[in-house]
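Colleague: Walk me through the labels on this one. I want each term set against its cut-off.

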Amino acid sequence: MNSLSGHDEPPPAYSPPVPGTVHSPYPNEKGQRPFEVRAASVAEVAQPKPTPAIQEPDMRRHPAFATNVQQGTSPSPQPGAQQNGAPNGMAPINVAQANQLGAVPGPSGAGPASPPPLPEGWIAHLDNNSGQYYYIHLPTQSTQWEFPKGPNPLNLEQQPMSPVSTYNNAIASPVSSIFKQPMASPAFGPIPQSATYDRNSMMSMNSLASPTGTIFTGPPPSAGVDMYKIQPANGVYFGPYLRYTNMDLERGLWLGSIMLITDAAQPPTIHIHQSLDLSPNPRQLKAHPIHSHQRWIFYRYDVDLRMDDEQAAKWTYAVTSHLGCTRYEFLVAGRSETSWRFVAHSGNDFALNVNSNERTKLGGVGLMWKDVLLKHQECGGFHTQVGLGGQIYADRLWRDIPALRQWTQMSGKETRKTAAWTPKMDEDAVHAFFHYYTSHFDQPAIREAFAQIPHVCCLDDHDLFDGYGSYPDYMQQSNVIKNLGRIGIENYLLFQHHTTQEILRNVSNDIDLFTITGTGWHFVKYLGPSVVLVGPDTRSERTTQQVMAGPTYQGLFPKVAVLPPSVQHCLWLFPTPIIYPRLEGVEQAAKVAATGKRVATGSFNMLGKVAGGVAGIVGAKDMVNSGFAGVKKAVGKSGLMQNVLSPFGEVEVLDELKDMWTHESKDLERTYIIRTLQGIAHNKSMRMTFISGSVNACGAGLVHDPSHPSDHKTMYQLITSPIVNAPAPNYVIKFLHNNRTLYIPPNGHRSGNSSAGMTATDTKEDMMEIFAADVNGQPRELRRLMGRRNYLACVAYDPEIVQGAFGAATPGKGAGRLSLAADFLVQGDGGGYGGVPMKYGPVIVPSLEYGRTEMADNKQMKYHLTLDPSHSQSATRDHPQPAESLPKPKHTSVHPKGSPGNENASIYFIGTATTILEWEGIRLLTDPNFLHAGDHVHLGPGVTAKRLTNPAIDLHELPRIDAVLLSHYHADHFDQEVEASLRRDLPIVTTPHAKQCLVDAKGDDKFTSVFDLDFFQNMLLDIKSSSASGERKVPAVKVTGMPGKHVPDGVLSMANDLLKAVPPTNGWMVELGYKPTSSASDEEFKSGYRIYISGDTLFVNELEEIPKRYAGQNIDLMLIHLGGTTIPSPSVPLLMVTMDADQGIKLMQLIQPDVTIPIHYDDYDAFLSPLEDFKKAVSSAGWDDKVVYLDRADMYKFVVKK
C-alpha cells in the first residue's frame, strides 16, 4: 500500500502560484494579491519522514518494483515506502523554495535506500562518496539529487499547474439556470479525496509546444513530412493508450486494451493487478503486434478483468522497459454498479485557422485536460472518457504534403477527380497521420489522461480532414480524397480503437466494432447494465445528401431495440448535434455575400452593410467582414473546405453548412432518426439522449411534447465545446439565439423551414437556458449557448439514493430508476492559467418511467360516463329486443376457499376472451367474439385462424349491455359480425388504435361513443342507482388501461411497428366500488373489488409496473388470457403472441391475485398451449386453491365490499 501511494490521507491540496512571486515565472500583470505562503527552511525541505516498513517479504518480487535494487534487512525504512506522495527518505520538494533559497537538498546520512520505481527516461546511480542515489535524465543528460517528479528535470519544470478548483466543496453554480433553485451535482459533491498518485508528478510536467503550431512558420513545402521529428517524450515508446472495449454482462468481465508504439527490439512488458493486491506474481499481459509503420511497431495488450459484484475497484498496470517501470491506475466498476462516471469531450486539437497568439491566449493544449485529471482524482475516478471526434485536426496535411498542395491548384473538375494517387502521396499521408497522432497524444496532460481514463472514441471529419463527406461529388469521389479518407480511417482505427480493418473483418461478434454495409464501423458499448453508448460512424457513408445509408439504419436500430430490459438510458454519440439552433441568418447573409462576390469582384468588406441589413441581426457585418471565419467555427469547420481545397470558388460557405444535421439537405434523415428513436423509446421504456460536439459552443437542448413532459418523445441533446480548439466568437453565438419556434414533423415530412414558421406537431424543439450568468458572475443575455472551451462530466444515479452528493448510494436501495446528470465544466476568464474552470448545471436527464405514458399518477379521470341500468336497449341494431337476462349457467363457482353466501357480483364466461361482468344492475361485455366452430378470422397479413368451439350464447341472445371493454382491434376479440351488428352508440372502452379503427376509418358508419385509454389512463363509469333515496353510497366502476404487448421485444417488435401487422393491446384494471355521494369527487371513490384482465399480452417487462402501481392494494381476481397463440399458422408455429402455461405461471407470481380464472385457451386452432398444461403447472406450484376453471356457460360469483 505504501509503495503504491495508498495513503491514509490524501496529499495536501495544491494552490496555484500567484503571478509576480518567486513561485511563478509569470509577471503580476493583473495586480493579484499574493497568497500567504509559509516559508520553509532547507532543513524542513530535506527532512525525511519515517514511515512503517512494508511487512510482505516477497513484495520486492513484484514487477511494479522492477527497478528496485534488492537489499538486505536494514533498520532504515524500506525502499518504496511513501508518505503523502514523497519517496522514503525525502520530503515533498518545493521547487520554488529551493530556487529562492539557492540551495539543493544534499545527501543526508540516512544511508542508501534503493529508489522506488522511476518515471520513464530516468535512471538512478549510487554516489559512493555520500552513500546516496542521484538521478540522470537520459534524453537531456541532466543530473539531480532530488527524486524525479516527472519525465523532465526539475530545472525545466516552469509551467505551473492548472488552478485548483473548489470541487471538494459543495459547488454553487454561477447561474440560477432554468431550475427553480441551484442544484448540487450528484457527480461532484462533498467527496472525500482518495488520491492514489502524487498530484505534482502528474500535473507539473513541462508543457510541450503544440505540434500544430508549426504550420504557419514551418519548413517550405519541398521539405514536406521529412521534417517531422518522431521521438517519444520518454525516448522509448508512445503511449500507453488505455481503451475501454465493452462489458460482458453475462460473465461480469471488463474488456479493454492498452496500446504502446515502440521501435525497441522487444516490446515493453505490462503487468496488471488490483491496486490493493500486492501478491508477488501479478498477471502479465501478452503483447500483440498489430501494425507497423517504418521502424515503429504497434503493440496491443488485451485486458479482461473480473469485475467485483457491486463495488468499483482500482487496478494498476505497470509498464516496464529498459529505462524503468511506470505505473498507471484506473477505475473498474462493479458488475452490477449502475452509477458510472464519465467525461465527454470534442475538439481535442487546434484547428488550422487558430493562430499561435490565440492558442497562447487560450492557455494552450493542456489547460482543460489538467482540470480533467484534477476532477478524476477528486471524484474517485472516471470510469471512462468519451471522445466525440476531432482527437486530431489532420487538416494541416494539405499544407504539409507538397503533392496535395499541387492537387488543389489543378484546374478542371474532371482533372482533379481523375488525378492519380501516387505511392509517394500514400507514404507521405500515412507518415503525416502517424506524426499527428503520436505527437499530439504524447503531450503531457493528454498522455496522462489517455493512460488512466479508459477512452471510447467516435469518428468525425477532423480525424480525417475538415468536411470529409460533404464535398461535391467530383471532389469526394476523386482518387485523392478517397485515399486520404482510407488512410485517415485506418489511423483512426489504430490509434483510437487499437485495431485494423483486417482484424475487424475476421471477428464474428459485435462486442467491439461492427460494420453493417461494409462501409463504416459502429459500436454499442455498455456503461454498466443500465446505460449504453451507441456510436454510429457518421462519416464513412456521408454525401452531400445523406449522413448514413438506409441499410445502416436498418441494421443499427434493431440492435438498440433488442437491448436487455436492464438498459434505461441509450446515449447516442453524434459528433454533430441533432438538436441545434438554425443558421437562417447566417445563410441569408452568406447568400447575399456570395451574390455580391460574383457582382463586385470579391471583396467582402463592401458587402458588410448590405448583409447586415438583410440578416437583420447584430453581428452580421462582423461575420461578413471576417470572411465567415466565425461561422465556420460555429459549424465545426476550419476553413479548409473553402479556403484551401476550393481555390477556384466551387465551395461556398453555404456548402460548408451542409455538414450540419439541421441543414435542409439532412432534414428528412434527421426526422427519421428522431421519430424512429421515439418509437423505440416508446416500446422499450428507454430514455434516448444525444451527446455531441463539433460546433465549438456548449449547451443543452431537447425535443419534447409540451402536453406530456418527460414522456418517450422527450430526448435531450448535450453539446460540448472543444476541450482544446478555439470556441466560436460571440457574434456568431448571437446569431444562434433566435426565438423561432421549431417542431419535429411526422416521419417522411419536411420541416418546412420557411420564415412563416413550422407546423405545430406533438414534438417541439428547444434549447435550454442554462447559462444565465457568465464565468465572472455577470448576467448573460445569451443563455442558451456559450462560446468557451469545456468538457462534460456525467454520472448515472438513482435520485432516491443520491441527494446532492455522489457516493452516498447504497446498493439495493431506491426504486432503481436512474437519471443522468451532466455538468458543463467551462474555462474561466483570463486564459492561460487564470482561466479557472467553472461548473454549469447539472442538466438532469430523467429516466423514462414508462414509454407509452407518463408515470405520474393519473388521479384525474380522462373520461366520465354515466350508465343507467333502467334503460333497456339491445346491444345490437339488428335485434332490437334484448333478452331479459343471461341464461342459467351450467355451473356456478365461488371462491375456492369457501363462500360467504352474500355474493353480489358475477362473471359469465361465453368463450374465447368474451365474458359478461354483472354488478349493481349493469353489464360489461369484454372482447365480444360470437363466431361459431368452422368460422375463420383474419389476424394479420397472410394469417388466419379457425374457430373450434361455439360460444355459450349467440350474439342476438345477449341481454342488455351497458358498455364494452375491448382489449384490442383483432378479429378473434371483435369479429366481423359483432362489428357489423353492434349499436353505434354503445359505449366502447378500448385502445387509441382501436378507436381510430372504429371511428376514423368507418365514415358515416362510425361508432359514436368510443373512449380510448392508454396505459395507466383511467375513466369512471358512474352507475345511476335504482336504490331507495335513502341509500348514501353511489356505485361506480373505475377502468384503467394496463400494459400489454402482443409481439415480443426486439426486431419483430420494430418490424411490427412499421408494418402495423399486429395491433397494440391493452389489459384492464376494473375496480368495482362506491363514492360517498353522487356529488363526491373522483378521489373519494373507494374500490370494493379489483379485477385485473391481462388482455392478449406476452409476459413482458412492462407488466412489472403493475404491482408497483398497486403496491399495498389487493388484486382480488385475475382473468388471464392464455392459449399460446402462435402465428402464422398451427403448421408453421414461428411466433407466439399470447401467454402459454409457463408465462401464465410467471404472471401469477408477479401479480399475486387472490383468485385466477384462465380464459382464451382453446377456441381457435392457433391456440397451441392447452389448458391442461396450465393446470399441471398450477398443481406443481401448489396453487390449486388459487385458481378457478370455467367452461363456456359457467359463472363465477364474488362479493364487492362496500
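The questions below take the labels one at a time.

Modeller: First, the ground rules: this is a predicted model, where local features need pLDDT of at least 70, side-chain atom pairs count only at pLDDT 80 or more, and totals for chains, interfaces and linings use all residues. Residues are numbered from 1 along each chain as its sequence is written, and side-chain values use heavy atoms, with hydrogens and water left out.

Colleague: Why is Thr 143 called exposed?

Modeller: Buried means under 20% relative accessible area, exposed over 50%, and partly exposed in between (1.4 Å probe, protein chains only). Thr 143 has a relative accessible area of 53%, so it is exposed.

Colleague: What does Thr 143 touch, not counting residues up to four places away in sequence?

Modeller: Tyr 135 and Ile 136. Contact means heavy atoms within 4.5 Å. Thr 143 lies in strand E5, residues 142–144. Strands (E, at least two residues) and helices (H or I, at least four) are DSSP runs, numbered from the N terminus.

Colleague: Why is H5 described as mostly covered?

Modeller: Twelve of its twelve residues are buried. Among them are Trp 369, Lys 370 and Asp 371. After H5 comes Gly 380, with a positive phi near 90°.

Colleague: What makes E9 and E13 edge strands?

Modeller: The open sheet has four strands in the order E9-E8-E12-E13, with antiparallel pairing. E9 (283–285) and E13 (324–332) each have a single partner strand, so one side of each lacks a neighbour in the sheet. Neighbouring strands are turned by 30° against each other on average, direction ignored.

Colleague: How do you know that E12 and E13 pair?

Modeller: Pairing takes at least two DSSP bridges between two strands. E12 (residues 313–321) and E13 have nine, in the antiparallel sense, so they pair. Thr 320 stands opposite Cys 325 in E13.

Colleague: Why are Cys 794 and Cys 997 called buried?

Modeller: Cys 794 has a relative accessible area of 1%, and Cys 997 has 16%. Both values fall under the buried limit, so both residues are buried.

Conventions. Axes fitted to C-alpha atoms, helices over the stretch in contact; angles between N-to-C directions.
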